[in-house]
Amino acid sequence: MTSLPAGPSRKRLGLVIDLDICVGCHACAVNCKEWNTGGVAAPLTDLAPYGADPDGVWFNRVHTYEVGEGPAGRTVHFPRSCLHCAEPACVTVCPTGASFKRAEDGIVLVDEDLCIGCKLCSWACPYGAREFDEDAGVMKKCTLCIDRIYNETFDPEDRVPACVATCPASARHFGDLGDPDSAVSKLVAEREGFDLMAEMGYAPTNKYLPPRPRRQGGGCTSAPARLAPAAPVTTGGLLGWLDRLLSQ
Amino acid sequence: MHPSLSVIFFTTASGAGYGLLALLGVLAPFGMVPADPLFGLVALVLALGAITAGLVSSLFHLGQRQRAWRAFSQWRSSWLSREGVAAVATYLPAGLFGIGWVFLGTVSKAAGLLAALGAVATVFCTSMIYRSLKPVPRWHNRWVVPNYLALGLMSGLLWLVLVLQIFGARPLPAATVPAAIALAAVLKLGYWRFIDAAPATSTAGSATGLGSFGTVRLLEAPHTSENYLLKEMGFSIARKHAAKLRRIAMVLGFGLPFMLSFVPFVASGWPAIAAALLAAILGTVGVFVERWLFFAEARHAVTLYYGRSEV
């Protein structure tokens, strides 16, 4: 059913992505592809993977932006994936019921056996979360790794989406954004996390954390311009005598 | 947005077909078009033929055509599903209307009006598919629905005039055709004026949330060649071609049919038939070009992540 689940969904599983920390290594995108090409949405078809213009289905893409001018300018790496919105128009436009939002945890999914490949959901998503699989003739999207996060054969610490598990910089966090006391909700509150394109009214679940303000006066590392002596210069004793002798 | 030929042909052909069906359904019960069964047969075959050709064409847009029947299920939330339901439902009164008119010699008012209602509802649903898409501001505005309805009515009317001329029937009241063309042209020009002047709804700054740090510029795309998003949503048309195509659509689709609609006042017989045929073809080609532009000029918000600064 493509009508949205009625009533407030208490649980809203999603991601928090820290744009201050992301180093743009694309490991999240690669591990996402690796996991999901064998997961519930498998395969994530590649077209001409070794050709001049390789193309294929990915659920996670890392953009890199330059923001601001001159000394105030900065480079920001920006991973982009499904935001599992509270008001996902991609679900309501679906004519077949293939797209749905789960009432129990807010995850937005596609039932590939019902999808007719009309592509309207991808038109309805401002975030580019949905990619059409030419080969399978159906739409595919991020599942928030439902086959990992509820997988009881995994150790509890591994029950996170592949992108979160692999991030070497810990720029990605997974949790329940519907619970104000969860670690991710506290992180969002503390760092003033924001919604992408809030003006669209889709109420994304995933939040992004802004780059931290740059420290003033210390260059990019905030270290002092000159190294201070680690210990006061000795004036007496054998080392003092040597110092005076060698300084002459 | 990528101008997909199957969808453009669908909206153009079925728009004209539903326009013609709506006119027949309203005019025939009140004796404003000939009650001759042969006239009914030709006009309804033209209308239902265009509708059916359009609907079949729309199936070619699908990745899994054999499951198309599933699209009738989600009419509670989806305009595409509502369009499908309305399109199929319209065949019932249209079929009864046609059988009554052509085979039984009775023009049913109820079936005619229901068929007209279904035709208008279907075109309305088609337009609402686009109207409801917030990520495409050039579709998500109040001009889109009136444009679809007026252009469907205009192209349907041009084909009705042709059939009337071929049958040597009493023409429609004098100002009807030029007025319908003028209305459609004004709405199209209004739409273009609107999309050219409308302020941006989203920017690269709001898409990334980084606008407060300064101007956001794409430094590195996530991939080296075009992906689905760029092929489907990233289509862009050069400004000069858009301007030229708008003029072509305006002259072919509205200007020439408008002038040709005055031919029956000064001539009858073959010249009038030729003028009506030319007007119907030009009008339909003009709507086709206009519909291509409707897609090609539409900008999707996802392009903000790929270097566009605003949509």
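## Basis of the description

A salt bridge is here a side-chain nitrogen of Lys or Arg within 4 Å of a carboxyl oxygen of Asp or Glu. The structure described is a predicted model, and a search of the whole of it finds 15 salt bridges over all chains.

## A salt bridge within chain A

One of these links joins the side chains of A:D20 and A:R212, with a nitrogen-to-oxygen distance of 2.7 Å. A:D20 belongs to the loop between β1 (13–18) and α1 of chain A, while A:R212 belongs to the loop between β11 (207–209) and α7 (237–247) of chain A, so the pair ties together parts that are 192 residues apart in sequence.

## The interface of chains A and B

The contact between the two chains involves 56 residues of chain B and 60 residues of chain A, and together the chains bury about 4800 Å², of which 58% is on carbon and sulfur atoms.

Across this interface there are 3 salt bridges; among them, A:D55 is paired with B:K231, whose closest N and O atoms are 2.6 Å apart. The interface also holds 33 residue pairs in polar contact, counted where both residues have pLDDT 80 or more. On the side of chain B that touches chain A, at least two residues each come from α3 (79–102), α4 (109–131), α7 (204–208), β1 (216–220) and α8 (228–233) of chain B. The residues of that side comprise 28 nonpolar, 19 polar and 9 charged.

## A sheet built from both chains

An open sheet of 3 strands has the order β5(A)-β4(A)-β1(B), with antiparallel pairing. Its edge strands are β5 (74–81) of chain A and β1 of chain B, each of which pairs on one side only, and the twist from one strand to the next averages 40°.

Within chain A, β4(A) and β5(A) are paired in the antiparallel sense over 8 bridges, and A:N60 has A:S81, in β5(A), as its bridge partner. Helix α1 (residues 27–36) of chain A packs on the sheet, where it touches β4 and β5 of chain A, and the direction of this helix makes about 165° with that of β4(A).

Between the chains, strand β4 (residues 60–67) of chain A is joined to β1(B) by 4 bridges, the two strands running antiparallel. In this pairing A:T64 stands opposite B:E220, a residue of β1(B). Strand β1 of chain B is thus an edge strand of the sheet and also one of the elements that supply at least two residues to the side of chain B touching chain A.

Technical notes. Residues are numbered from 1 along each chain as its sequence is written. Chains are lettered from A and ligands numbered from 1 in the order in which they are written. This is a predicted model: local features need pLDDT of at least 70, side-chain atom pairs count only at pLDDT 80 or more; totals for chains, interfaces and linings use all residues. Side-chain values use heavy atoms; hydrogens and water are left out. Contact means heavy atoms within 4.5 Å. Buried area is the accessible area (1.4 Å probe) that two parts lose on being put together, summed over both. A polar contact is a pair of N or O atoms within 3.5 Å; within protein, one must be able to donate a hydrogen and the other to accept it, and residues adjacent in sequence count only if both atoms are side-chain atoms. Ala, Val, Leu, Ile, Met, Phe, Trp, Tyr, Cys and Pro count as nonpolar, Asp, Glu, Lys and Arg as charged, and the others, Gly among them, as polar. Two strands pair if DSSP finds at least two bridges between them. Axes are lines fitted to C-alpha atoms, for helices over the stretch in contact, and angles run from 0 to 180 degrees between N-to-C directions.
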